[in-house]
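These are my notebook entries on one protein structure. I record what I looked up, in the order in which I looked it up.

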Amino acid sequence: MIVKDSLVYPSCLPQNKTRLARLWKVSYEGWLKIVTGSILTAYVIICLDDGMVLMSKQVPPRFMYPKEWQHLTMFILLILNGCVDVMNKNLLPQRNVVLEKGTLVLSFYELLLLMVSHIHGSSGVELQVHSLLILVVFLLMLVLTAQLWAPGMFHLWVMETFLFLMMGSWLMQVGFILYRPISGYPWQDNNINDIMFVTTFFCWHLIMDAFCLLGIYGFSSCWHHCYSPNLNLTTSKGAPQHTSTSGPLYKLLQEVEQSENDDQALLSTSST
């Protein structure tokens, strides 16, 4: 946003064969999704003594471990999304941003369905923390869907970053609330104070994440204006300019250029 250039999805990557150019082309985000999803998948499988059993052996058979299977599905979606990112950036001849965003949106649609089903049978503190997480996932799904039609809007970029940051920080908080309470004592479902403080902590996360984004923006703005005054010039010289040949702005420019050519022709005719 500060540079006012398409740095999130750069269309021109270094073409030389240096080590830096090869490292630039690596999809670190995609590989991080694959590695993280694989570790979490293995963790879910290892934690169960008898493994990921789908159905019991009793008659009639019953489905086993519904929440664990939902967790496993979420982590598999993360792995698949990472595979699409790696394939799109490192294997395809040209990077397709719409493909990446479309896969991410589809993953969040499925994640929302799983989360809504995941709270069945929950109550008290567990229900409250998952309901707030569902709210963040729903808003993030709307923002990502809007980006399919408006991928260049800075407002949507900021909202997406903030919601991803909020989702990550709240997931870590949920882990401490449900599994590792800092006090060493589990939260009480029948205590209204515990349920109210869950929402209070969520609001604190909103404030802290907003200040985090503000701090990053402020630091980046100071660094750009103080230590990198020629970044725009370097970017414009190092990468060729790509102009779009569609849309109302291009048509308006064509009309202005045509009118200027007509005026020049009339002036040359009158002068002769």
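**Entry 1: a term, and a threonine**

Before reading any accessibility value, I wrote down that a residue is buried if its relative accessible area is under 20%, exposed if over 50%, and partly exposed in between. I also noted that the model is a predicted one.

I then looked up T145, a residue of helix α5. Its relative accessibility is 17%, so T145 counts as buried. The side chain of T145 reaches the backbone oxygen of M141 at 2.7 Å. Setting aside neighbours within four places in sequence, I found T145 in contact with V105 and Y109.

**Entry 2: confidence**

The average pLDDT of the protein is 79, and 76% of the residues score at least 70. By element, the highest mean, 93, belongs to helix α5 (residues 124-147), and the lowest, 47, to helix α8 (residues 231-238). Over residues 231-247 the pLDDT is below 50, and this stretch has twelve contacts in the model beyond near neighbours in sequence.

**Entry 3: the overall plan**

I counted the secondary structure and found nine helices and zero strands. Read along the sequence, the pattern is α-α-α-α-α-α-α-α-α. The protein has 272 residues, of which 28% count as buried. The protein exposes about 18,800 Å², and carbon and sulfur atoms supply 68% of that area. I also looked at contacts with a separation of 6 or more: residues 24 or more positions apart account for 67% of them.

**Entry 4: the largest nonpolar core**

Which residues touch the most other members of the largest nonpolar core? I listed F108, L111, V129, V137, M167 and W170, out of 37 residues in that core. The elements giving two or more residues to the core are α3 (66-91), α4 (97-118), α5, α6 (154-178) and α7 (192-227). Helix α5 gives the most, with eleven residues.

I followed V129 further. Apart from neighbours within four places in sequence, V129 is in contact with W170, V174, I177, L178 and V198.

**Entry 5: helix α3 and M74**

I checked the length of α3 against expectation. At 1.5 Å a residue, its 26 residues should span 38 Å; the end C-alpha atoms are 36 Å apart, so the two values agree. The buried residues of α3 include Q70, L72, F75, N81 and D85. Their cover includes α2 (28-47) and α4.

M74 lies in this helix, α3. Is M74 buried or exposed? With a relative accessible area of 14%, M74 is buried, because the limit for that class is 20%. M74 touches L111, L114 and M115, residues up to four places away in sequence not being counted. I noted that M74 and L114 are 40 residues apart along the chain, while their C-alpha atoms are separated by 7.9 Å.

I repeated the length check on α4. Its 22 residues should span 32 Å at 1.5 Å a residue, and the end C-alpha atoms are 31 Å apart, which agrees. Among the buried residues of α4 are E100, K101, V105, F108, L111, L114 and M115. What covers the buried residues of α4 includes α2, α3, α5 and α6.

S117 has its place in α4. Its relative accessibility is 32%, so S117 counts as partly exposed. S117 and P66 are 51 residues apart in sequence, and their C-alpha atoms are 9.9 Å apart in space.

**Entry 6: a backbone angle at Y65**

I noted a general rule first: most residues other than glycine have a negative phi. Y65 has a positive phi of about 50 degrees although it is not a glycine. Y65 is found in the loop between α2 and α3. At 22% relative accessibility, Y65 counts as partly exposed.

**Entry 7: M159**

Last, I looked up M159, whose place is in helix α6. Its relative accessible area is 41%, so M159 is partly exposed. M159 and L144 are 15 residues apart along the chain, and their C-alpha atoms are separated by 9.4 Å.

Terms used:
Residues are numbered from 1 along each chain as its sequence is written. This is a predicted model: local features need pLDDT of at least 70, side-chain atom pairs count only at pLDDT 80 or more; totals for chains, interfaces and linings use all residues. Side-chain values use heavy atoms; hydrogens and water are left out. pLDDT is the predictor's confidence in each residue, from 0 to 100. Helices (H or I, at least four residues) and strands (E, at least two) are DSSP runs, numbered from the N terminus. Contact means heavy atoms within 4.5 Å. A nonpolar core is a set of buried Ala, Val, Leu, Ile, Met, Phe, Trp, Tyr and Cys residues joined through side-chain atoms within 4.5 Å. Buried means under 20% relative accessible area, exposed over 50%, partly exposed in between (1.4 Å probe, protein chains only). A polar contact is a pair of N or O atoms within 3.5 Å; within protein, one must be able to donate a hydrogen and the other to accept it, and residues adjacent in sequence count only if both atoms are side-chain atoms. The expected span of a helix is 1.5 Å times one less than its number of residues. Accessible areas come from the Shrake-Rupley method with a 1.4 Å probe; for residues, only the protein chains shown count as cover.
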